[in-house]
Protein chains: 2
Amino acid sequence: MNQGSERRIGAETRAEILRVALALFTEKGFEGTSIRDISSALGLTKSALYYHFQSKDAIVVGLLEERHQELDDLIDWIAAQPATSDLMQRAALRWVDSTTPERLRLMRLAQANQPLMKRLSDSGADVRAGFDRVIDLLVDEKATAEDRLYARLVFDTVSAAGRAAQGTDASPNDVIAVARRASISLTCPEHKS
Amino acid sequence: MNQGSERRIGAETRAEILRVALALFTEKGFEGTSIRDISSALGLTKSALYYHFQSKDAIVVGLLEERHQELDDLIDWIAAQPATSDLMQRAALRWVDSTTPERLRLMRLAQANQPLMKRLSDSGADVRAGFDRVIDLLVDEKATAEDRLYARLVFDTVSAAGRAAQGTDASPNDVIAVARRASISLTCPEHKS
DNA sequence: AGTGTAGCTGAACGGTCGGTCGGTAAGCAA
DNA sequence: TTGCTTACCGACCGACCGTTCAGCTACACT
């Protein structure tokens, strides 16, 4: 393998590892994907992977960090908005419309592997803090736990739609369209109890 | 172990295996739970488990079969209803209101382990057929793929709410309440595009 | 008493897992 | 040329995985 014996810079390889790892995790699950799978898909050995990441879990942390900026952008945007009554709807639609396939895959990975996420968060990685902040910005300070949960659900419509599409012939465009419709319905003001 | 040397009948043990397995799968994931974990939680050896189930996958098939009747009941109920315009909403609420913790756990297990479900379905177990039938009964025969996907999403609000509640302090009652609110909003007729 | 069998045990199997370690070739700086 | 760093390899480790199998025991039937 790698018979050209070209030398690559580390950042490139690292990014490729993350890319391939996310694809394989999506296809076969985190536990169903071995680091041998990832490295051999790149024409590397297992050891090369351990040069760039200190553990299998660290790959997931790397994936989460890659997406961190997107959440920060959303938080900044919300903070800069006037607090109109339809803020939640506008924020939700902004989130849906900025969805990329990679983000979708990562969110599904995170949700499908609760024990993994707990392990990562126990060892210091901030996994949920970004979303917690979004919810805090969008709900009243005296909101009930139920209201907060509802807001979380709203921001999960994209991955919910993606999950509902599993095993069907629905296209990615269908997924986004459904998530949009659902976000609008869920945040329609006249339904607020 | 089992020093009382009591003799149990097989059906009881089998049911207990299913119960404990579902609890452990929920807590640690399917791949994160070994046969040894399940059997030792019951004070048995793993060989005893292989007396009742021919493989680890077969345990999941057993869990799915346990819940099969609930879906059949829903299908029968829908088929017996008049085809009013709010049928989807009524069906969705019936589904939400009949939710049990066990069903919720199983649905989450199924959704978190797509590769496993694909494997089971490839080897003959019918995993999705029930839900497919529900959707077929509720949408127009000339409905688009997007409409069908939306209907799937509606019937997934319970587990979506459950997932959104992960890591928060929301109670099971909150989950059901949020799922109810979401089902109503999602099936509100005036939002149909 | 003898036979069958349901329910379970204990020991082992081959295989794969995540992770470690010593080494090494290429590039660069002095 | 020497020496250090970067990027990677190949061999190996102990642990654990799902699974198999011969055999044991308590009970039911005849």
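## Where the chains meet

In this predicted model, 38 residues of chain A are in contact with 38 residues of chain B. On chain A, five helices each supply at least two residues of the side that touches chain B: α6 (101-112), α7 (114-122), α9 (145-154), α10 (157-164) and α11 (172-186). The top contributor is α11(A), with eight residues.

What classes of residue make up the side of chain A that touches chain B? There are 17 nonpolar, 11 polar and 10 charged residues.

## Around DNA strand C

DNA strand C has 21 residues around it. Those that come nearest are A:Ser34, B:Gly10, B:Thr45, B:Ser47 and B:Ala48.

Both chains supply helices here. From chain A come α2 (35-41) and α3 (46-52), and from chain B come α1 (10-28) and α3 (46-52). Each supplies at least two residues of the surface near DNA strand C. By class, this surface has seven nonpolar, nine polar and five charged residues.

## Around DNA strand D

DNA strand D is surrounded by 22 residues. Which of them are the closest? They are A:Gly10, A:Thr45, A:Ser47, A:Ala48 and B:Ser34.

On this surface, chain A brings α1 (10-28) and α3, while chain B brings α2 (35-41) and α3. Each of these helices supplies at least two residues. With four residues, α3(A) gives the most to the surface near DNA strand D. The classes here are seven nonpolar, nine polar and six charged residues.

Definitions and conventions
Residues numbered from 1 in each chain as written. Chains lettered and ligands numbered in written order. Predicted model: local features only at pLDDT ≥ 70, side-chain atom pairs only at ≥ 80, totals over all residues. Near = placed C-beta within 6 Å. Nonpolar A, V, L, I, M, F, W, Y, C, P; charged D, E, K, R; others polar. Contact = placed C-beta atoms within 7 Å.
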